[in-house]
Each structure stands twice: as C-alpha cells, then as structure tokens.
Amino acid sequence: MALTRHADAVAPIRSSGPVSTWFSRHAATAFGSLVRLLRQPFASLMIILVIAVTLAIPAALNLVVHSAVAVSSGWANALDFSIYLKRGVSESEAKGLAKIIGERADVESVRLITADEALADFKKQSGFGDALDALTENPLPHTLVIRPAAANTTQSIILLQEELGNLPEAEFVQADTDWVRRFHAILDIVRRAIVIGASLLGLAIVVIIGNTIRLDIQNRREEIEVTKLIGASNGFVRRPFLWSGFWYGLTGGLLALGLVQYGLHLMAQPAARLASLYQSTASVLGLGLEESLAIIGIGVLLGLVGSWFAVARHLRRIEPR
Amino acid sequence: MIRLEDVTKRFPGGQEAISGLSFAVDKGEMVFVTGHSGAGKSTLLRLIALIERPTRGQVIVDGQNTRRVKRRRIPAYRRQIGMVFQDHRLLYDRPVADNVALPLVIAGVGRREASRRVRAALDQVGLLHKEKQNPETLSAGEQQRVGIARAIVTRPKLLIADEPTGNLDPDLSVEVMRIFRRFNEVGVTLLIASHDISLIDRMGCRRIALEEGRLVEGMQEDETWP
C-alpha cells in the first residue's frame, strides 16, 4: 500500500477536451436521470400519463377544429347565390341572360334552372305531386344560380349580388351564406377557448412537473448537501433535475402523441364517411409531422420550465450543514 | 498553508464559537485541533471549508483570503480541499467506487482516468476489493476509509478532518491515523480535529488546543511515531 507504487494517484487531474467533456458529462447526467425514472416505473408512469393526457386533450381538440376549418373551406358552393327572374321573362331570354352573366370576370359559372325543371324537382321532393298536377300554370320562375369567381372577396360578392339584383329581369336575389359565416365565427370562439384551455393545462403540467421535481429534491437532500460539500457547483447539482424534467416532458409528449393517434384511429371510420359525404377522398382528420413535433416539443418545453422553477426555488436553499 | 488572523465567529444567538483566534499551519504539516466538544473545533474547520464565514478576522488558505471568495466561487474553492467527516457522509444509493469517484465527476474528469484514480485511492486505504459493494455493507472503519479515499482522490494539497475517528474503536482509529500519516509523508497538509488525546499523544504531532473558542496551546513538538 506504499504511496510510491501509485504514481497515477499523484499525477495532476487531467481533463479531456472541454467540448467532449461537456458533452459526455451531459450524456452521463441525462442517462443517470433516465435510469432514476425507470427505477420507479409506477410513479414515473403515473406522472407521464397525467402529462400525456393533459397534452393530448388540447391537441385533439385543436385537431378537430383544424379539420372543421379545412372541411368548411371546401364549401365554395356556400357562396353561390340565386337570382329569381320575373315571371314574364321567357326561357330563351333567361338563357341569353345566363350567357351574358357567365362571361363576366367575377363570375365563375351560371346555371339556369328553368321553371319546368324547378317544378319537376319540387314535385319529386315535396310529395305534393298530384296536387301540383292540378295547377293549370307553373307558378315558379326561372332561376339563375351564380357561382362567383374564386378571386372575389365577401365585399365584392355583395356588390355583385346588388348589381345583378338591379337587372330589369331580376325579381330578387337570395344569398344563403349567413350560416357559413356564423359557423366560422363559432369556430373562432372554439379555437380561442382551446387556446385558453391549453394554456391552463400547460400551466398544470408545469406545476405537476415542478412538484415532482421538488419532492425529488427533498428526497435527495443528503446527496445534494454532500456533493455541495465536496465542491459541486449549483449548475452541477441542478443538471440531473433539469434532465428529469426533460425526460418527463419528452415521454409525456410521446405518449400524448400516441393517445392522439389512437383517438384518430378510432375516429377514422366516421371521418371517412363524413369525407365521402363531401365527395372528398382525402382524410379529414390527420396529424402531420409538424403537429407531431409540436406536441413533443411543447411537452419537453413545459418539462424544462417546470423543473427549472422547482430547481430555482428549492436547490439554492439547500446548503451543507 | 492555513493562516488565521484574529478570527471571531459569532452565531446569530450571540454566542461566540471562536474568539480572536490566530494561528498558522505550514505546508506539509500535520496538525491536530483538540478541545472538548463545543470548544470550536468544528466551527474552525467549517470556516476553512467556507461552510461558514468569519464574523471578524481573516482566514487565509493556500494564499487565498476566504473573505474574497465569492459565493459563486465557493465550489471551486472547496474542490482544492479534501474533507473527511465524522459521519463519513457517504451516499448509500451507489457503490463504494461511485462514492469515491464523486469529486472526479464534479471536476469533469474523463471516465477512464476517473476509474484509474478511484482504484488508486481505494488501494491506498486498503479497500480496493470492496469497490463494487454498497457502503452500507461495510463496517464503520471501512466506511470512514471510503470517506478518506473520496477526500484524497483529487489529490488535494490540504486535507481537513472533523473527528475522523469519533465513531471508531482504538484499533481502527490507529489504522485511520496511519493512513493520514502516509498522506502527510507525501506532502499533504493535514488539519485534524479530534478529542482523542491518547491517540494524538501517540502521533506526536503539533497540537492546537481550543477552549471556549480560544487558543490555549499551539506548541510545536518534535514529531515522533510510535
């Protein structure tokens, strides 16, 4: 046991390069924190599950609203309006008018529904077929269904409606787009509500992770004191707890992603039916790469913020006795 | 290596743990601090380790006035000093080798280098064969030796020990002192607080005797080893 035999022990401390040291230190700490979480699988899983559910709820709601917006923006025909022509206007005059209007730059297409077609349609759909046969004269006018060009704004569509409504042949114009606007207004409110709800849930995650890390700090008080006694900096003591927050956030985010994906899987069938009703083959609901990364990223961010709060508040107070 | 100039430490309650204490320890010396419990031994070591700061006076360690060491620099300051505690202060959630490696991990020493140093340090205290065990499975004497290995693994120039043999029976105490002696022989300065007078007498080192925070004896003796 003579000291002279251990030349190693007497040599000055030699560190490897600063960058690789920094990197390997962090890697070791990160791994250590992960192992610590895995050592208490049940407790860790509970916390991760809470984080995941808290993340998944706003993410899923957001997805539904996004899809609703996407679907409703496909309702271009909602902007269509109808011009009912005066009773005296003949079918050929109506055809000519349709042609003239159809050539306008701000009109994409015009469809003529003649009075006869309209009556036939009405007979078929209303169920009053026989009663209507008793009519000696068709009471319905010819109708032009106008689809405005895509370049139109809401304002220019209103102007177009006014202009066409003032034509001598026009009886009146019917635009049934109010409900689309109402629907979009409702979506805006829902979207904002989701943002507020998501912020509150995000705060909850910060508190949950902060509290978990706080308990962890209390449990490891002796270790913190000893490491500080033998020269650990605050940064060194802080690091494993920040990594714990990172792991909670990351695993919570990944699990949230899984939950959302599973939810989407459950909704795939009704969503496909809805899509088919809108003659759309594209999937209505789907989680893109960007959204997936956002869920995970937000989880990690909240994990780090939560652990940072706990560490800033509680670590400084622990000084060796 | 250590110089105290008229140091007083008064606690918030008003009682003075150390009153106007002045002494010096040269490089390469091995010095005991003696006195009854409450005489100020622990406070003295805590001032040197910067766990406490003096109310008055200067504590100068290896040329650094501890008064000028900012809070942020305390960790770096402590890394220059090896510390041994009466209750070992080992961590029982990891094996012996990891306990000894802790100061090296803090200092950012590479893994291979660290493991070599840990083995060397454990060999010096005669516990190399127990490196994989949990400290809980070791005897009190062995745990204290692990604590010593941890204190010297960074090769500090100064080692301070607070009642390192306080919980040990006489044979183990002698063994621990023998280990300290060997470090001293290779140039480490040691300041050891102890109330075990008979053991200190056998070591034949200089003594700094405290009584109610004051120096009552600080003579230099010829060193003899039993």
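**Close-up 1. Ser22(B) in strand β2 of chain B.** Ser22(B) lies in strand β2 of chain B, where helices (H or I, at least four residues) and strands (E, at least two) are DSSP runs numbered from the N terminus. With 13 C-beta neighbours inside 10 Å, Ser22(B) counts as partly exposed, a class that lies between buried (20 or more other C-beta atoms within 10 Å of the residue's own) and exposed (12 or fewer), with C-beta atoms placed from the backbone. Leaving aside residues up to four places away in sequence, Ser22(B) touches Leu4(B), Glu5(B) and Asp6(B), two residues being in contact if their C-beta atoms, placed from the backbone, lie within 7 Å. The C-alpha atoms of Ser22(B) and Glu136(B), which are 114 residues apart along the chain, are separated by 40 Å.

This is a predicted model, in which local features need pLDDT of at least 70 and side-chain atom pairs count only at pLDDT 80 or more, while totals for chains, interfaces and linings use all residues. Residues are numbered from 1 along each chain as its sequence is written, and chains are lettered from A and ligands numbered from 1 in the order in which they are written.

**Close-up 2. Ala17(B) in strand β2 of chain B.** Ala17(B) has its place in strand β2 (residues 16-25) of chain B, and it is buried, with 23 other C-beta atoms within 10 Å. Not counting residues up to four places away in sequence, Ala17(B) touches Lys9(B), Phe11(B), Gly40(B), Thr43(B) and Gly213(B). Between the C-alpha atoms of Ala17(B) and Gly57(B), 40 residues apart along the chain, the separation is 14 Å.

Close-up 3. In chain B, 6 strands form an open sheet in the order β6-β7-β8-β3-β9-β10, with mixed pairing; two strands pair if DSSP finds at least two bridges between them. Because β6 (81-84) and β10 (214-217) of chain B stand at the edges with a single partner strand each, one side of each is left without a neighbour in the sheet. From one strand to the next the twist averages 25°. Strand β3 (residues 30-34) and strand β9 (residues 206-211) of chain B pair in the parallel sense over 4 bridges, and the bridge partner of Thr34(B) in β9(B) is Ala209(B). Helix α1 (residues 41-48) of chain B lies across β3, β7 (158-162), β8 (189-193) and β9 of chain B and runs at about 150° to β7(B), where axes are lines fitted to C-alpha atoms, for helices over the stretch in contact, and angles run from 0 to 180 degrees between N-to-C directions. Helix α5 (residues 140-152) of chain B also packs on the sheet, touching β6 and β7 of chain B, and its direction makes about 170° with that of β6(B).

**Close-up 4. The end of chain B and the confidence of the model.** Chain B averages a pLDDT of 88, and 96% of the residues score at least 70, pLDDT being the predictor's confidence in each residue, from 0 to 100. Over residues 219-226 of chain B, however, pLDDT stays under 50, and for this stretch the model has 9 contacts beyond four places in sequence. Where pLDDT is low, the predicted coordinates should not be read in detail. For the complex, the predictor gives an ipTM of 0.86 and a pTM of 0.73.
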